[in-house]
Structures are given as C-alpha cells and as structure tokens.
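Hello,

Here is the structure I promised to pass on to you. Have a look at it first, and then read my notes below.

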Amino acid sequence: MSLKTITFKDKSHLIDHIKTHLPTFYYSSQTSTVIPYDKLNERYKEDDFVLGNLSQLPSHMELTAQNTLKITGPVNWNDAKAYLKSKGRNIMTAPTEDLALVSAGAATSATGERCFHFGTLRSQILSITYLNQNGVEISLSAANDLELPFELNSYQKEFEKYKDLKNAPFPRLEKETDLLIGTEGQLGVITELEIMTCEDFAVNHLFMLLPKWEEGFSKHNEVFKKIQNFREDAILCEFIDANSFTFLPEEERPNKGKDTLFFEIKSSSFEKFYEEFLLDLNFLDAEDVFEIPESKFHYLRASIPRAVYEENSKLNVTKMGTDVQVPPERFSDLIEIYKDFSKQSVRYNLFGHFGDAHLHFNFMPQQDQVNLCQNKFEQMYSDVKILQASPFAEHGIGILKQKYIKEYWTSEIFETFSQLKKHCDPHNQFFPQGFMSIRP
C-alpha cells in the first residue's frame, strides 16, 4: 500500500487539513537530497503519516518599492530569477537545483553558489509568514529577536563554535524568522517570504583548469587562499573535479581531463580580478583559463548533480554524499579525508562551493559496496566533529542524515528541540519523522 497523498489546491484546503492535526510530511518539488522520496513507502507504514503536496497551491511574486521580493506559494528559484531580471534585479542565492522552491530553501536553510559573495539565505530573509498548528497564519520579522517561553542561552552558546559557517548541525535561533529557517518544516508550513534582491549587474564567467586533486592539492590550496581576498569582486567560486565530468557525454566535457574551477566575476571588477588574482598565480598557464557563456556555466553546474542522481537510480542505491563545510584553515584536512575516500575502489566524484571550503563528495557504490561506504561516512563524521566543522552545511538533515547527527548534539540541544515541538507542534503533526523528534 502507498502512503496517502493529499494535494492542496488552495490555502483554505491546506488550513482545513492542518486543523485535523494529522501527522503530515509537506513537500513540493521533491528536489531534496536528504529525503528518499522513492523509498518512503518502504520506510513507513501507510498509517504513520500522510504526504502533503504543496506544489499546486496558487503562487505570486511582487517586487516592492524597497526592491525586496515577496513570494507567496510554490515559486522556484528559476522563476524568481527570471521575474527579477525582467525588473532589472537578481536573486542573491543560487542553489544548484534551480527547480527547488524558495520556501523549501528557507526551510532547509539552503545557501547555494552565490553565498561566497552575498552570504547565506538566512541573512537575506526579511520576513516569513507561516501556518501554525491551528492553521493560523503568523508573520515573523528578521528585525525582531526570537522570544520563546524557555531560555536559549545554553543552546546559543553551543552554536558559537559554528557561527562563522553557513549552517551548524542545528538551527540558529536568534531572530524571529529563525523559527522557520533550517527547522525543515517541523514547526509549521511556510506560505510567504520576503527576501532581499540585488541589482542585476553584468558578470563574466571564467573557467580554470587544475591538476586532479587526488594527485596534489597545493595549487588548489593556493587558489583557495588567494580568492578569499576577492569576495567583493567574485560572486561565486565553484569546483567540479575531473571525475564529475565523466557522467556527461564526452562531447560536453570542456575540462580536458582536469579539475575545474568556475568564477562568476563582476564585469566592473574583471580587469582588477585578472591583474591582481589571475596574474598572481604563477603556476597558471594562459591556456588553462578562459571565459565561458553564462548558459554553459549553469548547464554544467546543474547537469552533473542530476547525472549523479540518475546514475544512483539506475544502480538502485540512495545517494551517498557529504555536505561538510570546514573552517578555512582546515580545508586541507577535509581534502585528506576525501583522498582516503578516493582509495576505496568505489566510483566517486567531488564538487561544490570551493571558495567556502564546502565540497560535496559523492560515493557511487555498487550494491555490494554500500556497507563499506556507510562505514567510511560514520568515521568521517567523527573526524569532522574534531575539526569543528559543520556536517550538514546546506541541504539539511532530512531523513537520510539523522543517524550521523546525534553525536553533534548536547543534552541542551535535545532539550531545546523537545521544548520547541511541545510549544509549536504539540500534536507532532509537522514532519514527525524529522530531526527534532530524535531522542538521546
């Protein structure tokens, strides 16, 4: 039997369902990498909960007089970007999967490629409107401190060690809006967002070839250190290794068998970037750096993760990938962990947000290699904790990552989650299988 699915066509239908207090997992575009949508029926019995499809609700976008973007309902990043470009504006967050919904990005605290220049999505959200456990719509402002009927001092003290990373192993709880950011829909359903936008300025896209990271990381590390001084000029600094390109048809691979870095540079800063950054890299050959069209950049950056997902589906295995961000001074330590991964005789690839020391390593195991990969991951998360890194800096915990997260939580974290659920979700109706329901 399949889990029951309810597709909501209007807000009143959604409110009526929330008032029933039925345990529900609300979803939209199904682009999350931490929710095994194709295996939910295997994991849960039909009467455990229902699936609530939000993708058919009415949607609307509005650019305000203050150049903020108000989004109502299921709007994806691609549509938001197109709408803003028609108004001479642009988004400041750019997830690799642009068909994901903006509201889902807020729920998971996704950050995307442009975080290198603009910072996290959390810093760009000005207000959130959501439906609570009684179906009442409530508005939250980032200008207000979060007030709850229990203290958060111990919780926030635990957060301190992660404050300079995109996301911690648990949500930041400081502003009102934090109640819904990164809590993965466990405290309510987001219905409206207001986010900051930026001017749609001209950009150039550069493509840099580097040796394979497994054979030596010194040149990569030199680029990493130098690019930190150009965050005002470079919008993003993304990495795709040579293995990743093997998932694309040969005629679509511009990397010449090498690793690649992608840069999006403000056109107004391009001359400075060329002279002060590129020419300062003594090892770089002129033929190993060249411009590419924006459309080609976005195609390559998005098509490789999709190809990896399709390959996993063919093998009938769940994606086994990392979402680790480390402090800049520990980047080489993370690469050493991934070098060990590369020696396991399992197909793999590495890509992600290079400028933020945030790379996604993906195992592509055969069925008989799954246990080996899981064991390597378990050891890795212990090692990452020692590095004071964030194990899940972008895509959330969902269901697949829960078994790795408990060792990052103190008793204060568990207690805060328990109190949050009692206060905001006393019927445990919002994503009851989520991480806030984990117990020590």
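Two strands count as paired if DSSP finds at least two bridges between them. Helices (H or I, at least four residues) and strands (E, at least two) are DSSP runs, numbered from the N terminus. Please keep in mind that this is a predicted model, where local features need pLDDT of at least 70, side-chain atom pairs count only at pLDDT 80 or more, and totals for chains, interfaces and linings use all residues. Residues are numbered from 1 along each chain as its sequence is written, and side-chain values use heavy atoms, with hydrogens and water left out.

Let's start with a sheet. Strand β5 (residues 68-72) and strand β9 (residues 189-196) run antiparallel and are joined by 5 bridges; Thr72 stands opposite Glu192 in β9. They belong to an open sheet of 5 strands, in the order β4-β5-β9-β7-β8, with antiparallel pairing. β4 (60-63) and β8 (137-141) are at the edges with a single partner strand each, so one side of each has no neighbour in the sheet.

Next, find strand β13 (residues 259-266). All 8 of its 8 residues are buried (under 20% relative accessible area, with exposed over 50% and partly exposed in between, using a 1.4 Å probe and protein chains only). One face carries Asp259, Leu261, Phe263 and Ile265, the other Thr260, Phe262, Glu264 and Lys266, and both are covered. Strand β11 (residues 203-210) runs antiparallel to β13, with 8 bridges between them, and His205 has Glu264 as its bridge partner. Strand β12 (residues 234-240) is also antiparallel to β13, through 6 bridges, and Phe239 stands opposite Leu261.

Now for two helices. The axes of α11 (residues 331-341) and α12 (residues 370-386) come within 11 Å and cross at roughly 170 degrees (axes are lines fitted to C-alpha atoms, for helices over the stretch in contact, and angles run from 0 to 180 degrees between N-to-C directions). Ile337, Tyr338, Asp340 and Phe341 in α11 meet Lys376, Phe377, Met380, Asp383 and Val384 in α12; contact here means heavy atoms within 4.5 Å.

Finally, a nonpolar core is a set of buried Ala, Val, Leu, Ile, Met, Phe, Trp, Tyr and Cys residues joined through side-chain atoms within 4.5 Å. In the largest one, of 99 residues, Phe263, Tyr338 and Trp409 touch the most other members. Apart from it lies another core of 12 residues, including Phe207 and Phe262.

Best wishes
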